[in-house]
Structure formats: structure tokens, C-alpha cells
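Walk through this model with me, from the overall fold down to single side chains. Keep the structure open as you read.

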Amino acid sequence: PEAFRNILEYSPFHNVRTSTDHPTVMIRARENDTRVDPLYATKFATRLYNKLGQQIDVMLYIDYGSELSSVKSTDQVIEDYELEVRWLMHKLGMIDP
């Protein structure tokens, strides 16, 4: 029971509150991640996006075909950074989508 309460305290999914305004968020997951199934990222994104009383942008990116970042090719790492920077620049109004 105590471990469950500890998990609830830091679980992003379980801490989406109606009374809290959440910022725009980018959620990333990997299809082959052995620690966390990408389904949980999808559930979290859906919960944020469908939150009553708030309209926020949620970007969910699921990386299909790669393992952990330590085994990514240089091209894959560059593509990941490009995605993040382009999304951030769009959110800051620097570029069109």
C-alpha cells in the first residue's frame, strides 16, 4: 500500500487535475521500450487533451523501430533533435507548422 501511494505521488497520469492548468506538452515514447509500454504515453496524452475546462496542445510522438537512445544512429539522434526544436519553434511562433 505504501509503495502504491508513492507511485501515485509522482505519476504524471494520475496527477492530471481538473483544477490545474497544464502547459503545452510534448510526450515521447518508444515502441520497443522494455520499461514503459507506449500505451501509457497515449493514455496520458489523451487524458491531458480531453481535460475539461482547458484547451492545450499535446504532441505525442511514438518512435517506432528503435530501442533506447544509446543504440540510435547519429541520423536518428539528429532527427529526434530536429523534431523537438521544430516543435518548440512552432510553439514560440517562430515558424509555421
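**Salt bridges, core and pocket**

Start with a charged pair: R35 and D33 join their side chains in a salt bridge, 3.1 Å from N to O. The term stands for a side-chain nitrogen of Lys or Arg within 4 Å of a carboxyl oxygen of Asp or Glu. R35 is exposed, at 62% relative accessible area, whereas D33 is buried at 18%. Here buried means under 20% relative accessible area, exposed over 50%, and partly exposed in between, with a 1.4 Å probe and protein chains only.

A word on provenance. The model is predicted, so local features need pLDDT of at least 70 and side-chain atom pairs count only at pLDDT 80 or more, while totals for chains, interfaces and linings use all residues. Residues are numbered from 1 along each chain as its sequence is written, and side-chain values use heavy atoms, with hydrogens and water left out.

Now step back to the fold. The chain has three helices and two strands. Helices (H or I, at least four residues) and strands (E, at least two) are DSSP runs, numbered from the N terminus. In sequence order the pattern reads α-β-α-β-α. The C-alpha trace spans about 45 × 35 × 15 Å along its principal axes. Of the 97 residues in the chain, 24% are buried. Take the contacts (heavy atoms within 4.5 Å). Among those between residues at least 6 apart in sequence, 64% join residues at least 24 apart.

Return to the charges. Side chains of opposite charge can pair when their charged atoms come close. How many salt bridges are there? The count comes to five. One of them pairs D80 with R28, at 3.1 Å from N to O. D80 lies in helix 3 (residues 74–91) and R28 in strand 1 (residues 25–30), so this bridge ties together parts 52 residues apart in sequence. D80 is buried, with a relative accessible area of 12%. R28 is partly exposed, at 27%.

Another bridge joins K91 and D57, at 2.4 Å from N to O. This pair, too, links distant parts of the chain: K91 sits in helix 3, and D57 in the loop between helix 2 (38–49) and strand 2 (58–63), 34 residues apart. K91 is partly exposed at 31% relative accessible area. D57 is also partly exposed, at 40%. Salt bridges with shared partners also join R28, R30, D80 and E84 into one network.

Next, the nonpolar side. The largest nonpolar core has 10 residues: V16, V25, I27, A29, A41, F44, A45, L48, I56 and I62. Such a core is a set of buried Ala, Val, Leu, Ile, Met, Phe, Trp, Tyr and Cys residues joined through side-chain atoms within 4.5 Å. Which elements give two or more residues to this core? They are strand 1 and helix 2. Helix 2 supplies the largest share, four residues. Look at I56 in particular. Setting aside neighbours within four places in sequence, I56 is in contact with H22, P23, L48 and Y49.

Then look for empty space. Rolling a probe the size of a water molecule over the atoms shows where such space is left. The largest pocket has a volume of about 230 Å³. A pocket is found on a 1 Å grid over the protein atoms alone, as an open set of points where a 1.4 Å probe fits, with protein on both sides within 12 Å along at least five of seven lines; lining residues have an atom within 4 Å of a point. Grid points are joined across faces, edges and corners, and the volume is the space filled by probe spheres set on the points. This pocket has 14 lining residues, with I27, R28, V36, Y40 and A41 nearest its centre. Strand 1 and helix 2 are the elements that give two or more residues to the lining. By class, the lining holds nine nonpolar, one polar and four charged residues. Ala, Val, Leu, Ile, Met, Phe, Trp, Tyr, Cys and Pro count as nonpolar, Asp, Glu, Lys and Arg as charged, and the others, Gly among them, as polar.

Finish in the loops. E31 lies between strand 1 and helix 2. E31 is partly exposed, at 37% relative accessible area. The C-alpha atoms of E31 and Y64 are 5.1 Å apart, across 33 residues of chain. Not counting residues up to four places away in sequence, E31 touches P38, I62, D63, Y64 and G65. K72 belongs to the loop between strand 2 and helix 3. K72 counts as buried, at 11% relative accessibility.
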